[in-house]
Amino acid sequence: MTQNLNPISWGAQDRYQAHFIVKTHQRDVSEENFLARPKLETKGYFASKRVTGVQWIGGTLADTLNSDAELKNMITRLSYADAHITVEPTKGNIRIYGKWKDSYNFVMTKELFAVYDRIASHIKRELGSPPVQS
Amino acid sequence: MHDSESDMSHPMNKNEEYCLSLKKIGIDAETKPLDTDVVEQENYYSKHFTNSPAMVTNHGIIKLKGSNIDEVQIIQKG
């Protein structure tokens, strides 16, 4: 019997993700409008890679996020890995999440939370709810 | 000579661990018991993006107060 040199990993892996959820409260929302992902402009390579610009791609939410200059500023201050943010609607909720992280790096920072909270405030405005001032 | 490390271990759920990291940065967060929220019953990805994982493990919900985010769900790959 020969050993498989490329075994397929299975079972729970050391990869975690936190989904930051904004509830739509059963409003009938168009899923495509709330899809958004940033295209990052970067400078440098490997560990010194930094985000210099952000262009959101997606539905109408992406246009709103593109018009927020302060949000773009906040994202350029994040690490390259943290700047990969996805906004994805599922049934009844809109989820904001980043890349998978291992258990050692799976913590939230003040700067990243501020970015998620600002994106969530734009989502609330688009849903017709007043955003919370924090 | 005694080791400075305690012999007692305190196993902590990933959900509680993340909730603590949120509290450390000043967020009003509280964990909910597993499988008590409707969010946990739905699909965690919309499948609009091709790299969504096929299998994930739910670690529970954290309820946030005073923020635009209503809840946080902790998910593990596989």
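**Figure 1. The largest nonpolar core of the predicted model.** The largest nonpolar core comprises 45 residues, and those with the most contacts inside it are Phe20(A) and Tyr116(A). Helix H3(A) makes the greatest contribution to this core, with seven residues. The structure shown here and in the following views is a predicted model. Tyr116(A) touches Phe20(A), Ile96(A) and Ile69(B), when residues up to four places away in sequence are left aside.

**Figure 2. The side of chain A that touches chain B.** In this contact region, 37 residues of chain A meet 28 residues of chain B. Strand S1 (16-23), strand S4 (86-90) and helix H3 (110-127) are the elements of chain A that each give two or more residues to its side. The largest share, eight residues, belongs to S1(A). Sorted by class, the side of chain A that touches chain B holds 18 nonpolar, 11 polar and eight charged residues.

**Figure 3. Strand pairing between the chains.** Strand S1(A) pairs with strand S3 (residues 71-77) of chain B. The two strands are antiparallel and are linked over six bridges. Within S3(B), Ile75(B) is the bridge partner of Gln17(A).

**Figure 4. The buried face of helix H1(B).** Helix H1 of chain B covers residues 14-24, and Asn15(B), Tyr18(B), Cys19(B) and Leu22(B) are buried in it. Viewed down the axis of H1(B), the buried residues fall within an arc of 105°, so they line one face of the helix. In general, an α-helix has 3.6 residues a turn, so residues three or four places apart point the same way. The cover over the buried residues of H1(B) includes S1 of chain A as well as S1, S2 and S3 of chain B. After H1(B) comes Gly26(B), which has a positive phi, near 90°.

**Figure 5. Strand S1(B) and its partner S2(B).** Strand S1 of chain B consists of residues 28-31; Ala29(B) and Thr31(B) form its covered face, whereas Asp28(B) and Glu30(B) form the uncovered one. In a regular strand, the side chains alternate between the two faces of the sheet. S1(B) runs antiparallel to strand S2 (residues 56-65) of chain B, and four bridges join the two. Leu64(B) in S2(B) stands opposite Ala29(B).

Figure 6. Chain B contains one helix and three strands, arranged from the N terminus as α-β-β-β. The radius of gyration of chain B is 16 Å, whereas a compact globule of 78 residues would have a value near 12 Å. Along the principal axes, the C-alpha atoms of chain B fill a box of roughly 60 × 30 × 20 Å. Of the 78 residues in chain B, 31% are buried. Among contacts in chain B between residues at least 6 apart in sequence, those that join residues at least 24 apart amount to 51%.

Figure 7. Three helices and five strands make up the secondary structure of chain A, and from the N terminus their order is β-β-β-α-α-β-β-α. The C-alpha trace of chain A spans about 65 × 40 × 25 Å along its principal axes. Buried residues account for 34% of the 134 residues in chain A. Of the contacts in chain A with a separation of 6 or more, 66% lie between residues 24 or more positions apart.

Note on methods:
Residues numbered from 1 in each chain as written. Chains lettered and ligands numbered in written order. Predicted model: local features only at pLDDT ≥ 70, side-chain atom pairs only at ≥ 80, totals over all residues. Buried ≥ 20, exposed ≤ 12 C-beta atoms within 10 Å, placed from the backbone. Pairing = 2+ DSSP bridges. Contact = placed C-beta atoms within 7 Å. Nonpolar A, V, L, I, M, F, W, Y, C, P; charged D, E, K, R; others polar. Rg over C-alpha atoms; globule rule 2.2 N^0.38 Å. Arc of directions from axis to C-beta. Core = buried A, V, L, I, M, F, W, Y, C linked by C-beta atoms within 7 Å.
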